Amino acid sequence: MEGMSRLLVCAPDYFRIEYEINPWMRLSNAVVPDRARAQWHGLMKVLEDDIGVLLERMEPVPGLPDMVFTANAGVVVGRRAVPSRFRHPERQREESFFEAWFRTHGYEVMTLEQGLYFEGAGDLLGLPDAWFGGYRQRSDIRAYARLSEIFGREIIPVELVNSHFYHLDTCFCPLSGGELLYYPPAFDRYARAAIAERVGEARRVVVPESEALRFACNAVCVAKHVVLPEGCPETIKQLEARGYEAHPLPLDEFMKSGGSAKCLTLALE
Amino acid sequence: MALAQETVVLHGHIIDSLILAKVLDTILMMGGTFDLTDVKIGATRKEPSHAKIIVRASSGRLLAEILEAIQPHGASVERESDCTLEPAPADGLFPENFYATTHLPTQVRLKSRWVEVEAMEMDVGIRVDREGTAASTVPMGAVRRGDLIVTGREGIRVLPLERPKERDVFSFMEAQVSSERPHGHIIADIARRMRTLRDDREAGKEGSKVLLAGGPAIIHAGGREALAWLIDSGFIHVLFCGNALAAHDMEAHLFGTSLGFRLSAGRAVPHGHEHHLRTINRIRGIGSIEKAVRTGVITGGIMAACVRRGVRVVLAGSIRDDGPLPDVITDSTAAQAAMRAALPGVSLALLVASTLHSVATGNLLPATVPTVCVDVNPAVPTKLADRGSFQAVGLVMDAASFLGELARELGWKA
């Protein structure tokens with residue numbers, strides 16, 4: 001999780017709104033497939049051409065519209081992968097495909113027990129000093145005790161209290177220089193205190209509410225590049241002040257499902 | 001009085017994440033309490049920490065609400081097992097590894113359910129019925145071959161006492177004994193409890209009996225009238241004593257002396273030392289104390305008041321008894337059983353001027369019964385207070401002064 005030079009992605013061939021499992025999803029708010037495809041390819045182009053990321057593309061599966069959000073495939077550290085255990089039955093059907101991908105690509109796969117919900121890199125993110133695990137909305141806090149054993153790392157569980165920010169990566173984005181881009185009201189006061197204890201004030205970049213609701217924190221950071229959804233000028237100003245190059249992109253088709261740049265990628269090493 | 005409780009465990013990086021703090025805060029904010037037992041903090045940041053928390057609440061319902069609220073933060077109810085049972089190998093013999101009780105409220109887990117142990121008493125065993133659904137205490141001598149006895153430590157939990165709701169001398173639960181403390185407010189608090197219990201009893205409420213266990217010093221010191229008045233006025237419902245208290249009480253009625261001393265003049269009278277023997281002989285001739293009262297031989301004093309008011313009296317014999325009186329139980333195991341049988345419904349115990357009867361009674365009482373121990377010798381209340389966290393008040397004072405002050409507080413005009 002330290003760098004993001006290789007990313008797993010999945011094309012939006014079957015991406016649509018087929019169910020409602022977060023407050024962003026509305027069956028009536030249909031995805032426009034051409035726009036979604038164009039936005040996704042736009043993201044891939046910036047990642048590959050402008051930032052120099054190596055992309056691993058996995059085969060989309062008909063009837064699994066959310067497989068496009070590979071951040072939730074699981075979590076990968078070195079050659080070891082732990083596939084997700086989704087809370088909602090609608091996404092549980094993705095589990096076997098992600099697990100199979102990890103296995104066929106030579107990863108040592110460690111599985112969590114059935115019913116121990118954990119939604120992958122969507123909820124587990126690392127700073128150099130500590131890893132943080134979002135819980136309450138999707139992942140079960142008990143998964144972090146197990147993951148900490150598997151990876152031999154400290155994982156600080158943080159409670160997510162706002163259903164609009166249902167995964168940790170919707171409100172919390174570690175940057176490569178050790179800073180943290182985040183939206184504090186998405187956390188309870190204990191989590192805010194625990195984050196402040198580990199990330200000094202100078203390293204905390206607070207995103208304003210209007211931009212947090214545009215998923216400014218659902219950003220992909222590789223070296224000094226940050227790819228984020230467009231319409232977040234305040235966040236960009238703060239990133240640039242810290243020496244990052246921002247790449248704002250139109251990704252609103254994916255916001256219909258409650259996802260943006262980060263949700264569409266999974267860091268592989 | 002007993003609280004509902006459950007043990008939960010928290011595991012992982014629970015310290016720096018403030019998860020442990022959050023769980024404990026949640027318990028308190030919802031009106032519960034906790035005991036943190038067995039906390040292991042990881043030696044490095046990488047190492048997880050572990051905490052075992054006993055959660056307590058005033059009701060099972062509140063406990064369930066608290067458990068539901070802390071569950072999402074990782075506090076899982078500890079996996080529990082049923083208690084182990086073994087048959088008694090012979091009459092009067094516990095299985096080798098039997099569980100020895102305390103006097104605190106205790107529960108055992110039977111068929112995945114926590115069941116309250118009935119008739120709680122210290123230093124006995126726990127017997128479970130054939131169906132495996134109910135449990136009660138059983139003394140060693142009373143166990144029968146094949147009885148199912150709780151063994152080991154699994155599936156047994158001892159609950160601490162909840163601080164009583166009444167704000168009086170018992171609510172401090174400190175069991176201090178000192179001859180230097182003022183007695184007045186303590187006796188006033190005891191009187192207040194006794195008045196409430198008498199009213200409850202007259203209203204037909206269960207569990208509102210007052211027990212007095214006393215020694216003959218009550219008679220010698222001049223506490224007889226006050227105690228007789230307390231019994232006649234319906235403040236005392238169970239009396240534990242020995243041969244001597246009853247004998248000297250009736251001696252006072254028949255001869256006006258106690259152990260030969262004229263009670264009114266405080267002097268030894270000629271041949272007075274024979275009076276208690278003549279009294280005992282007279283009652284033995286009549287057949288029982290009750291008969292002596294009913295036939296008008298004994299019309300005043302403590303025993304007469306007990307018969308008139310239907311007070312349950314247990315006379316337990318001892319090795320130095322004269323006679324004894326026909327009502328005295330001379331088999332000490334049988335006496336213990338008779339005392340035990342008289343305890344259900346007792347809500348206040350007064351142990352006055354008798355080491356033997358005070359300690360015997362204290363051993364039989366569950367910790368939930370408030371107890372007052374009065375003796376001129378501080379060693380007696382101290383010995384009882386040392387039994388643990390029960391609601392004990394020790395008073396270092398003379399029996400007659402105590403009973404006189406108590407009776408006056410309750411309206412005795414003398």
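Two residues are in contact here if their C-beta atoms, placed from the backbone, lie within 7 Å. Please keep that in mind for what follows.

The model is predicted, so local features need pLDDT of at least 70 and side-chain atom pairs count only at pLDDT 80 or more, while totals for chains, interfaces and linings use all residues. Residues are numbered from 1 along each chain as its sequence is written, and chains are lettered from A and ligands numbered from 1 in the order in which they are written.

I start with chain B. Chain B has 13 helices and 20 strands; these are DSSP runs numbered from the N terminus, helices being H or I of at least four residues and strands E of at least two. Of its 414 residues, 43% count as buried, meaning that 20 or more other C-beta atoms lie within 10 Å of the residue's own, with 12 or fewer for exposed and partly exposed in between. Among contacts in chain B between residues at least 6 apart in sequence, 64% join residues at least 24 apart.

Now one helix pair in chain B. The axes of helix H5 (residues 224-232) and helix H9 (residues 302-309) of chain B come within 8 Å and cross at roughly 0 degrees. Axes are lines fitted to C-alpha atoms, for helices over the stretch in contact, and angles run from 0 to 180 degrees between N-to-C directions. H5(B) and H9(B) are therefore roughly parallel to each other, a label for angles under 35 degrees. On the H5(B) side, B:Arg224, B:Leu227, B:Ala228, B:Ile231 and B:Asp232 take part, and they meet B:Ile302, B:Ala305, B:Cys306, B:Arg308 and B:Arg309 in H9(B). By class, this contact has 6 nonpolar, no polar and 4 charged residues. Nonpolar covers Ala, Val, Leu, Ile, Met, Phe, Trp, Tyr, Cys and Pro, charged covers Asp, Glu, Lys and Arg, and the others, Gly among them, are polar.

Next, where the chains touch. Chain A gives 17 residues to the contact and chain B gives 15. On chain A, H4, strand S8 (155-159) and helix H5 (189-198) each supply at least two residues. The largest share of that side, 5 residues, comes from H4(A).

Which residues touch the most other members of the largest nonpolar core? They are A:Cys171, A:Tyr182, A:Cys217, A:Ala219, A:Leu264, A:Leu266 and B:Leu10, in a core of 105 residues. A core is a set of buried Ala, Val, Leu, Ile, Met, Phe, Trp, Tyr and Cys residues joined through C-beta atoms within 7 Å. Helix H4 (residues 141-151) of chain A provides the largest share of this core, 6 residues.

Last, a sheet in chain A. This open sheet of 3 strands has the order S12-S13-S14, with mixed pairing; strands pair if DSSP finds at least two bridges between them. S12 (220-222) and S14 (245-249) of chain A stand at the edges with a single partner strand each, so one side of each is left without a neighbour in the sheet. S12(A) and S13(A) (residues 225-229) run antiparallel, joined by 3 bridges, and A:Val220 stands opposite A:Val227 in S13(A). Helix H7 (residues 233-241) of chain A packs on the sheet, touching S13 and S14 of chain A, with its direction at about 160 degrees to that of S14(A). Helix H1 (residues 33-50) of chain A lies across S13 and S14 of chain A, at about 155 degrees to S14(A).

Methods:
Parallel < 35°, antiparallel > 145°, perpendicular 65-115°, else oblique.
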